[in-house]
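Let's take a walk through this model together, starting with some aromatic rings and ending at the ligand. Please have the structure open in your viewer as you read.

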Amino acid sequence: MVRIALIGAGQIGSRHLQALAHLPEAEIWIYDVSEASLQVAIERFQQVSSTTDFVGNCHLVTNMAAFPAHVDVAFITTTAQHRRQAFDQMLQHTMPRFVVFEKVLFQRIQDLEEVKAELHHRGIPGYVNFPRRQYPVYQQLKQSILADHDRSIHLQVTGGQWGLACNGLHFIDLFSFITGSETFEIDAKGLTGVPFESKRAGFFEVNGTLRVTDDRGNSMALSCLEEPFASNVSITTTKRWMTISEGVAQPMQASGKANDGWKPESAPCIIPYQSQLSHLVVQDLMKTGTCDLPSYDEALPPHAKFLSTLLTHFRTHMGWNHDYCPIT
Ligand SMILES: NC(=O)c1ccc[n+]([C@@H]2O[C@H](COP(=O)([O-])OP(=O)(O)OC[C@H]3O[C@@H](n4cnc5c(N)ncnc54)[C@H](O)[C@@H]3O)[C@@H](O)[C@H]2O)c1
């Protein structure tokens, strides 16, 4: 039976847990410092497990000493400022075969390399939860672009109040996934106004546009407006375009191809919830030793670049004088 540790049972942790109720069988240890979070998480899990054939147990713990010595997969789903401590503490109590980290990995750039060294030293493959790589709509789009042999790709994300600082890395990862680019520059000159406190206490946000370019001529613009506006993702190449309206109740994809005279077509598309994805990650890891999510090593350079770009911006525009970047 697969053994899983979930560290941090808040909003997203409880959604990972709901997905795990789709496994045929599992033993799951759920750790949180908050009893209230554990209770909400187990109730959410049971809402789903009562409708599936799940066999196994959930162990709610407020001390990692209750973890077994080995687990197959550990999910670290605390907010970013606690993730390094949670990772270190986990290794004192259990040895995972695989670790899935939530984004943002860590707030301090030095933690990125230190944890990489630790994972390599212990031979633990790490992955980062950028779930768009699991969405069929983006997987199919990537295949189409590969089949076109088109190397000139532009990605545009537009929306209002979508949390550019805390969520921008999702789209930088999508850019990497679709273009295959590993090296790029991020330009923060298009950010507007003074960084402001996020709706979540302790984190900061920015509005305006971040521009990303790679060394192959591909580019991306991430725009976040001050007013609420449902976000959409547009991808344009010389041979096709597609716009995915992600932020609406019934997501749609609109597209056109040069070889069809750019005739626009549109169709509904599915944007899966986290509660429909994490069990697939576990099943893939158990079956093949890998999964659709980016590896830790792949996700590290964009994290380092993004954190340093925002740290410089925060220092310049709000006198931030700490060594950590206040995003999650
Ligand atoms: N990949 C995605 O699509 C996605 C979506 C939403 C959130 N996230 C990320 O997930 C992370 C968590 O977000 P959230 O909305 O669930 O936050 P949250 O505040 O709802 O949950 C965090 C939980 O971690 C617990 N916690 C804090 N310190 C801890 C520690 N040392 N050990 C164990 N538990 C601890 C808290 O008690 C809380 O229950 C954030 O980094 C966020 O950016 C990712």
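What follows looks at the ring pairs and then at the surroundings of the ligand.

Keep in mind that this is a predicted model. It holds 11 aromatic pairs. Take Phe87 and Phe101: their ring centres are 5.7 Å apart and their planes meet at 40°, so this pair counts as tilted. Phe87 belongs to helix H3 (residues 80-93) and Phe101 to strand S5 (residues 95-101), so the pair ties together parts that are 14 residues apart in sequence. Both Phe87 and Phe101 are buried.

Now follow Phe101 to its pair with Tyr296, which is also tilted, with 5.3 Å from centre to centre and 55° between the planes. Here the link spans distant parts of the chain, since Tyr296 sits in helix H8 (residues 296-318), 195 residues from Phe101. Phe101 has 0% relative accessibility and therefore counts as buried; Tyr296, at 1%, counts as buried because the cut-off is under 20%. Ring pairs join Phe87, Phe101, Phe106 and Tyr296 into a cluster.

Next, turn to the ligand. Which of the 25 residues around it come nearest? They are Ile12, Asp32, Ser37, Glu102 and Thr328. A backbone N or O atom of Ile12 lies 2.8 Å from a ligand oxygen. From the side chains, an N or O atom of Ser37 is 2.7 Å from an oxygen of the ligand, and one of Arg83 is 3.0 Å from a ligand oxygen. The protein covers 82% of the 860 Å² of accessible area that the ligand has on its own.

Helix H3 returns here, supplying the largest share of the shell, four residues. By class, the shell has seven nonpolar, 13 polar and five charged residues.

Conventions:
Residues are numbered from 1 along each chain as its sequence is written. This is a predicted model: local features need pLDDT of at least 70, side-chain atom pairs count only at pLDDT 80 or more; totals for chains, interfaces and linings use all residues. Side-chain values use heavy atoms; hydrogens and water are left out. Rings of Phe, Tyr and Trp (its six-membered ring) pair if their centres lie within 6.5 Å; planes under 30 degrees apart count as stacked, over 60 as edge-to-face and the rest as tilted. Helices (H or I, at least four residues) and strands (E, at least two) are DSSP runs, numbered from the N terminus. Buried means under 20% relative accessible area, exposed over 50%, partly exposed in between (1.4 Å probe, protein chains only). A residue is near a molecule or strand if one of its heavy atoms lies within 4 Å of it. A polar contact is a pair of N or O atoms within 3.5 Å; within protein, one must be able to donate a hydrogen and the other to accept it, and residues adjacent in sequence count only if both atoms are side-chain atoms. Accessible areas come from the Shrake-Rupley method with a 1.4 Å probe; for residues, only the protein chains shown count as cover. Ala, Val, Leu, Ile, Met, Phe, Trp, Tyr, Cys and Pro count as nonpolar, Asp, Glu, Lys and Arg as charged, and the others, Gly among them, as polar.
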